[in-house]
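Subject: A structure for you to look through

Hi,

Here is the structure I said I would pass on.

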Amino acid sequence: MSTTEMDPLDSLLFSLSKTLCSPFAVFLQLQGCLICLLLALGWACAAYVRNREIKRIKDSMQRGNSFAFLCQDIMELEHSNQVNLPRVSVVMPLKGFGEHNLHNWRSQITSLYGGPLEFIFVVESTEDPAYHAVSMLTSELKEEVDAKIIVAGLSTTCSQKIHNQLVGVDKMHKDSKYVLFLDDDVRLHPGSIGALTTEMEKNPDIFIQTGYPLDLPSGSLGSYCIYEYHMPCSMGFATGGRTFFLWGGCMMASSYHLLSMHADDFRLDRYGVVSGLRDGGYSDDMTLAAISGAHKRLITSPPVAVFPHPLASDLSFSRYWNYLRKQTFVLESYLTKVNWIMNRALFTVHCYLSWGFVIPYLMAIVHVTAALRMCIKGYSVEETTFTFGGLTLVGCLAVCTIVELLSMWNLTRIEVHLCNMLSPEAPNLSLATYNWALVFIALIVDNFLYPISAFRSHFTQSINWSGIRYHLKNGKIFKIERSKDMGPTYTDLGGKHLGKKGAPPKLSFLSSLSRSFAQWYQPKKYDS
């Protein structure tokens with residue numbers, strides 16, 4: 001038996017390890033294992049849906065359809081069918097210009113959709129760097145595509161993005177049957193617009209169609225945190241059909257549900273879509289999802305609606321934090337009492353599950369550290385309060401984590417393969433660029449920070465989005481503040497330059513986070 005005098009810190013560590021083997025602590029650790037397995041199951045189901053589409057495309061190609069990436073039946077490409085395709089207007093609100101924008105815009109306006117198609121780029125002002133970049137692109141392709149640039153001006157009653165979208169709808173062709181809203185960081189496949197339109201034509205009951213991005217991390221921890229944030233959400237979009245969620249980066253709706261601004265008089269603002277967006281709307285997708293739920297309207301997400309989303313090569317951790325802040329802030333906006341209740345439920349469940357996921361790993365660190373100290377110092381089990389039950393729980397958590405990461409890897413692998421099949425002319429995406437050690441770290445970091453960001457959003461009721469500060473009251477925007485010195489020089493994901501002069505120096509993540517906490521009490525002081 002060892003006679004080594006025990007260090008007080010070691011004694012405290014062993015006691016803590018034993019405490020973490022209490023029934024409640026065991027429950028928390030087993031709960032974490034269950035969360036891992038539920039995530040793995042969700043990703044496995046999503047992978048099944050995406051893989052089924054891959055098999056369908058392969059089968060179609062084996063039957064002689066070389067254009068299976070465009071349509072299921074090659075007869076759809078016959079001239080007699082193409083001339084009857086409905087007109088589609090694509091509205092793209094722009095803000096800033098970054099390293100991936102030009103490639104993304106080209107993928108959008110060089111669609112192989114065979115029907116009448118117009119592209120409407122909407123900017124806040126001609127001073128936006130996006131205006132000059134997209135002007136050059138449209139000039140270059142003016143003989144090939146129908147594209148125009150609209151200057152929307154400043155928003156006064158809603159977010160700038162929604163304002164730009166509504167101005168784009170106002171300017172679209174009077175005969176457009178469908179309108180497709182795209183973010184400027186979406187990289188479309190050649191057949192994406194055709195696939196969305198085909199589904200709308202097949203089922204007139206569809207209110208809105210949507211899709212979801214496949215993040216391509218750039219290598220920084222911030223980019224992996226964004227990838228990890230999106231992956232659990234992707235389950236709700238990989239249904240192959242009906243869903244209850246919307247992604248604002250890709251939304252197609254019937255123009256009748258919005259407005260016909262070119263008609264002699266306005267159509268009925270059906271379901272309150274326009275008024276819901278225009279009158280205090282902050283988030284386009286959350287607002288439309290709330291309207292859809294209130295009126296029991298159908299939202300669908302086709303299995304081919306997954307889009308490569310390259311993240312900025314210099315995406316810093318502070319930019320990730322700003323992005324997370326905007327994502328949690330959407331839960332503070334709402335249209336109705338029912339919508340408020342749903343958002344509160346999402347807020348509560350997401351925060352609980354996030355920290356419920358993280359806490360077992362913190363406990364596992366204690367158990368493993370205690371075991372290592374016992375081995376290094378040569379303590380016997382009898383002279384410590386250490387129990388091997390903690391290591392058993394660590395083993396269970398490790399197995400569940402491996403299962404979870406394998407399921408995430410498999411879904412990403414399948415979506416990468418699907419994207420390569422849907423864009424055969426584009427450079428192949430590769431799973432080899434993903435760093436799975438950083439993915440695991442991002443799982444912990446993102447889930448730890450989500451509740452912090454969510455509570456901060458709840459207590460401040462304001463957000464700085466690309467240099468514009470929005471204030472909410474009763475779930476709607478009631479005040480908009482703009483300042484030349486307010487906000488970042490670059491946007492969060494794409495690293496797009498916003499054209500700001502005299503921008504403050506870039507802050508570290510810790511500085512950004514400390515300022516964020518300070519804003520809980522003095523939001524106006526830290527606007528810059």
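Below is what I found, going from the whole chain down to single residues.

First, some ground rules. This is a predicted model, so local features need a pLDDT of at least 70 and side-chain atom pairs count only at pLDDT 80 or more, while totals for chains, interfaces and linings use all residues. Residues are numbered from 1 along each chain as its sequence is written, and side-chain values use heavy atoms, with hydrogens and water left out.

**The whole chain**

The protein chain has 15 helices and 13 strands. Both are DSSP runs numbered from the N terminus: helices are H or I with at least four residues, strands are E with at least two. Of the chain's 528 residues, 55% count as buried. Buried means under 20% relative accessible area, exposed means over 50%, and partly exposed is in between, using a 1.4 Å probe and protein chains only.

Now for contacts, meaning heavy atoms within 4.5 Å. Take the contacts between residues at least 6 apart in sequence: 79% of them join residues at least 24 apart.

**Holes inside**

How many cavities of 30 Å³ or more does the structure hold? There are six. A cavity here is a set of points, on a 1 Å grid over the protein atoms alone, where a 1.4 Å probe fits but cannot get out; lining residues have an atom within 4 Å of a point. Grid points are joined across faces, edges and corners, and a volume is the space filled by probe spheres set on the points.

The largest cavity has about 60 Å³ of space. Its lining is made of 13 residues, with Thr287, Ser333, Tyr334, Leu335 and Gly475 nearest the centre. By type, the lining splits into four nonpolar, eight polar and one charged. For that count, Ala, Val, Leu, Ile, Met, Phe, Trp, Tyr, Cys and Pro are nonpolar, Asp, Glu, Lys and Arg are charged, and the others, Gly among them, are polar.

Look at Ser292, which sits in H10. It counts as buried because its relative accessibility is 2%. Leaving out residues up to four places away in sequence, Ser292 touches Phe207, Arg297, Leu298 and Ile299.

Then find Lys296, in the loop between H10 and E9. Is Lys296 buried or exposed? With 73% relative accessibility, it counts as exposed. Lys296 is not a glycine, yet its phi is positive, at about 55°. Most residues other than glycine have a negative phi. Gln461 is another non-glycine with a positive phi of about 55°, and it lies in the loop between helix H14 (436–460) and strand E11 (462–465).

**Helix H6**

H6 is mostly covered too, with 10 of its 12 residues buried. You can check its length: at 1.5 Å a residue its 12 residues should span 16 Å, and the end C-alpha atoms are 17 Å apart, which agrees. The expected span is 1.5 Å times one less than the number of residues.

Gln160 belongs to H6 and is buried, with a relative accessible area of 6%. Beyond four places in sequence, Gln160 touches Glu124, Gly153, Leu154, Ser155, Ile468, Tyr470 and Arg482. Gln160 and Tyr282 are 122 residues apart in sequence, but their C-alpha atoms are 8.6 Å apart in space.

Lys174 is in the loop between H6 and strand E4 (178–182). Lys174 is exposed, with a relative accessible area of 54%. From Lys174 to Ser255 is 81 residues along the sequence and 9.4 Å in space, C-alpha to C-alpha.

**One more to find**

Ala147 is in strand E3 (residues 146–151) and counts as partly exposed, at 24% relative accessibility. Setting aside neighbours within four places, Ala147 is in contact with Phe119, Phe121 and Thr138.

Happy exploring!

Methods:
1 Å grid on protein atoms, 1.4 Å probe; cavity = no way out; pocket = protein on both sides within 12 Å on 5 of 7 lines; lining within 4 Å.
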